[in-house]
Amino acid sequence: MKRRRRYVFLLIIDACIIAVAVTLAYFLRFDFQVRSTFFALLPYVIMMHLIIMLPALHFVKLYKRMWQYASIGELVAILKAITVSELLFAIFHTVLQMNVQDFIIPRSIYILTWVLTILGICGSRFAWRIFRDSYFKIQPHQKRMLIVGAGSAGAL
């Protein structure tokens, strides 16, 4: 897949994961009976999370890494990006709530969204790696090769 197409594909997948994580956080917080006052704010909360998290994931260069080489480095990058994003969201919400009294988001949403987003994004990366390792085996007529050194150029 070409680099730009892969970037857009990963961005769309991550945006969907973030939107589902925020929605699921609301449903879990309110035992699947979200009151209309909170449910009316859900699209705005999703948009704020997308506006904050997607650039953070881009900033840690998550979209330049290859899925088939998902490792601890990816996990650390995802943890950093999502943690900083959720803290920024909490600060932004606190400032916004001082000016707009009706914009109330329970604090437990921050933690639930943080956990669900990390699980979703890490899960998608590692699921691809497991799928790739399981179903794309080396053909019997192909030879295995070991590249020593060369860093990321060797991975390519």
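**A predicted chain of helices**

Reader: How much of the protein chain is buried?

Author: Buried residues make up 34% of its 156 residues; buried means under 20% relative accessible area, exposed over 50%, and partly exposed in between, with a 1.4 Å probe and protein chains only. This is a predicted model, where local features need pLDDT of at least 70 and side-chain atom pairs count only at pLDDT 80 or more, while totals for chains, interfaces and linings use all residues. Residues are numbered from 1 along each chain as its sequence is written, and side-chain values use heavy atoms, leaving out hydrogens and water.

Reader: How many helices and strands are there?

Author: The protein chain has 6 helices and 0 strands, with the pattern α-α-α-α-α-α along the sequence. Helices (H or I, at least four residues) and strands (E, at least two) are DSSP runs, numbered from the N terminus.

Reader: OK, H1 and H3. At what angle do they cross?

Author: The axes of H1 (residues 3-29) and H3 cross at roughly 140 degrees and come within 9 Å. Axes are lines fitted to C-alpha atoms, for helices over the stretch in contact, and angles run from 0 to 180 degrees between N-to-C directions. H1 and H3 are therefore oblique to each other; angles under 35 degrees count as roughly parallel, over 145 as roughly antiparallel, 65 to 115 as roughly perpendicular and the rest as oblique.

Reader: And which residues make the contact?

Author: From H1, they include Tyr7, Leu11, Ile18 and Tyr26, and from H3, Leu42, Ile46, Met53 and His58 are among them. Contact means heavy atoms within 4.5 Å. The residues of the contact of H1 with H3 divide into 14 nonpolar, 3 polar and 1 charged. Ala, Val, Leu, Ile, Met, Phe, Trp, Tyr, Cys and Pro count as nonpolar, Asp, Glu, Lys and Arg as charged, and the others, Gly among them, as polar.

Reader: Pick out Ile18. Buried or exposed?

Author: Ile18 counts as buried, because its relative accessibility is 0%. Ile18 is in helix H1.

Reader: What is Ile18 in contact with?

Author: Leaving aside neighbours within four places in sequence, Ile18 is in contact with His49, Leu50, Met53, Leu54, Leu57, Thr117 and Ile121. The C-alpha atoms of Ile18 and Ile46 are separated by 7.6 Å, and these residues are 28 apart along the chain.

Reader: Different pair now. Where do H3 and H4 meet?

Author: Residues in H3, including Val45, Ile52 and Ala56, meet residues in H4, including Ala81, Phe89 and Leu96. By class, that contact of H3 with H4 has 12 nonpolar, 2 polar and 1 charged residues.
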